[in-house]
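Please keep the sequence and the model open while working through the numbered points.

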Amino acid sequence: MASRAADWGWRGELPDASGQVAIAGVGESRHTPASGRTSVEIAIDAVGAALDDAGLSPRDVDGLMWSGGLPGQLDEPAFRQHFGARGFDGPLWTSSQGGGMVWAGTAPALAAQALAAGDARVIVNVFSIAWATQRQAGEGSPGDAHSSEHFKANLELPFGWFPQPVYFATIARRHMHEYGTTSAQLGSIAVSCRRHANLHEGAVMRDKPLTLADYLDRPMLVDPLRMEDCCLISDGGAAYVMTSPEHARDLRKPPVHVAGVAEGHSGSGVFWSQQGDFTATPQVFSAPAAFEMAGITPADVDVLTLYDPFTIVALMQIEDMGFCKKGEGGAFVEGTRLHHDGGGLPYNTHGGLLSHAYVLGISHVVEVVRQLRGEACAQVPDAQIGVYGGYTGHMASTLVLRRGTR
Amino acid sequence: MPDLSFEPTRGFWDAAARRELAVPRCSACDRYVWYPQPRCPGCGGSEMAWTVVSGRGTLFSWALVERALYKPFKERAPYVTGLVALEEDPVVRIVTNIVDCDPADLHMDMPVTVVFRELSLAGEEAGVVAPYFRPVSASVPGFEPQPQPQPKPGATTGEEPSR
């Protein structure tokens, strides 16, 4: 069709991280409705938990990564202020190209360079958010970055094409038209996530079951999406600790190794309305490169977590990463295929952004690590290879992790 | 409300005020460049001219907002917002509202045509005219199509974006 161009995006350049980084510790804060806490306070909990998990102390840290594009992150000054009072006074290699979203997937590539260069030995990647608290206080929301963008403010907002649920409802309807995707198929993704959250002690939606019949009975929010197709808003944070595979061997937990990392870009940037292939994600440009770096195919993946602000975003990424043919994602996600014990493609086994917590992807990486260690709540038997797919609209990332050996 | 002083999109709103739909076009290769940008993604040309288009297109996709999360539209819901692919080049998608039509009658790729109305946000009319679209076949009682001034397709508006 006329609107579909093969050149609507490209693969980003990232250093080869394969076999050079281990994730030695993971940790999370509590994930809650409005907590009244700041995102920095939340991040400190997550970093403490991740270091404990690795058997390390704050004094062992000499590298820090966070998301520079979002306010309130645990950046170098915040880290020094808090951990300085607890004995930390060393040099710190830093990068603001870490944290959550796509960067939860690409941080290991930059960490690999720093580890290889001897700039750092123990690197913490951390992300946190207090949007539930902020929303209650009327101070900011996930839509702010979009409403303050001049082209959106002048060409989209005057027509009420805002915020994110509107973008993705429009994309979902086109996907339904082109490929026959149904509401029930989108619902199947939401129900699979909820089932996993019901098994996860830290999930915001732990005590709230959701059946497909429930889903179909719920009203439309932005037709064709229901509230159940949309991510939560919650307070929370998570962190993971990276080091060399050699160092990781001596630490407390079984190491998990980075096997592949890649990123993809959309040529239309954050302007979804103009994306060349309207019903695709830049995973098209990212996943094949990460899989090649890791020497795997989609069939080798034991557990998959995807940045899932909306069910349709998960569906498109499943297609674009090659787990099924483009357009066949709807049929692919039906039934129990995405369940942790369904024998298919265990997906967002912690509940994802839809049902675990809205912590923008970093808990997705934490969950993959726990799966590969065999300590997840909804454990996939003998998981060896796990993948995180990150997404921010104008970018996607793919992180392939493999169970390590001592 | 759009910021009418924001130079890159000013030609769009100036044209709407004249009840015309205009899109920047590369003077070197004739490609329509949307959203406005300083260089043509086709040929790299840097001269763009706001060019009046027919106002005809097809409904590329839409969302029916049952509950508006965007405050200025709270009272407007339910409303239809979506993308119209232009007849001149369907790669150009205009964000708009579909009006004068029962949402249940909308279907993908249906022909639509531009209609100009005063922009109204949060119940206030601001004296800004915006391009909306309605189905070509719209015959909803009470929504009789109003005669629209016929733009001259392909005519430039005489304005050069200053970017």
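1. A residue is called buried if 20 or more other C-beta atoms lie within 10 Å of its own, exposed if 12 or fewer do, and partly exposed in between, with C-beta atoms placed from the backbone. Helices (H or I, at least four residues) and strands (E, at least two) are DSSP runs numbered from the N terminus. In α1(A), the buried residues are S39(A), I42(A), A43(A), I44(A), A46(A), V47(A), A50(A), L51(A), D53(A) and A54(A).

2. The model is predicted: local features need pLDDT of at least 70, side-chain atom pairs count only at pLDDT 80 or more, and totals for chains, interfaces and linings use all residues. Residues are numbered from 1 along each chain as its sequence is written, while chains are lettered from A and ligands numbered from 1 in the order in which they are written.

3. Helix α1(A) has 16 residues and reaches 23 Å from its first C-alpha to its last. This is close to the 22 Å expected at 1.5 Å a residue, where the expected span is 1.5 Å times one less than the number of residues. The cover over its buried residues includes β2 (22-28), α2, β5 (123-130) and β8 (235-243) of chain A. After α1(A) comes G55(A), which has a positive phi, near 75 degrees.

4. Helix α2 (residues 76-84) of chain A has A78(A), F79(A) and F83(A) buried. They lie on the same side of α2(A), because they cover an arc of only 105 degrees around the axis; the arc is that of the directions from the helix axis to the C-beta atoms. On the other side of α2(A), P77(A), Q81(A) and G84(A) are exposed. Among the elements that cover the buried residues of α2(A) are α1 (39-54) and β3 (63-65) of chain A.

5. Chain B contains one helix and seven strands, in the order α-β-β-β-β-β-β-β along the sequence. Of its 163 residues, 37% count as buried. Two residues are in contact if their C-beta atoms, placed from the backbone, lie within 7 Å. Of the contacts in chain B with a separation of 6 or more, 55% join residues 24 or more positions apart.

6. How many residues of chain B are in contact with chain A? There are 34, and they meet 29 residues of chain A. The elements of chain B that give two or more residues to this side are β3 (56-65), β4 (79-86) and β5 (93-97). The largest share, six residues, comes from β3(B). By class, the side of chain B that touches chain A has 23 nonpolar residues (Ala, Val, Leu, Ile, Met, Phe, Trp, Tyr, Cys and Pro), five charged (Asp, Glu, Lys and Arg) and six polar (the others, Gly among them).

7. Eight of its ten residues are buried, so β3(B) is largely enclosed by the rest of the structure. Two strands pair if DSSP finds at least two bridges between them. Within chain B, β3(B) pairs in the antiparallel sense with β4(B) over eight bridges, and L64(B) has V80(B) as its bridge partner in β4(B). An antiparallel pairing also joins β3(B) to strand β6 (residues 111-121) of chain B over three bridges, with R56(B) opposite T113(B).

8. Pairing also crosses between the chains. Strand β6 (residues 220-223) of chain A pairs with β3(B) in the antiparallel sense over two bridges. Here D223(A) stands opposite L64(B), and V222(A) has V65(B) as its bridge partner.
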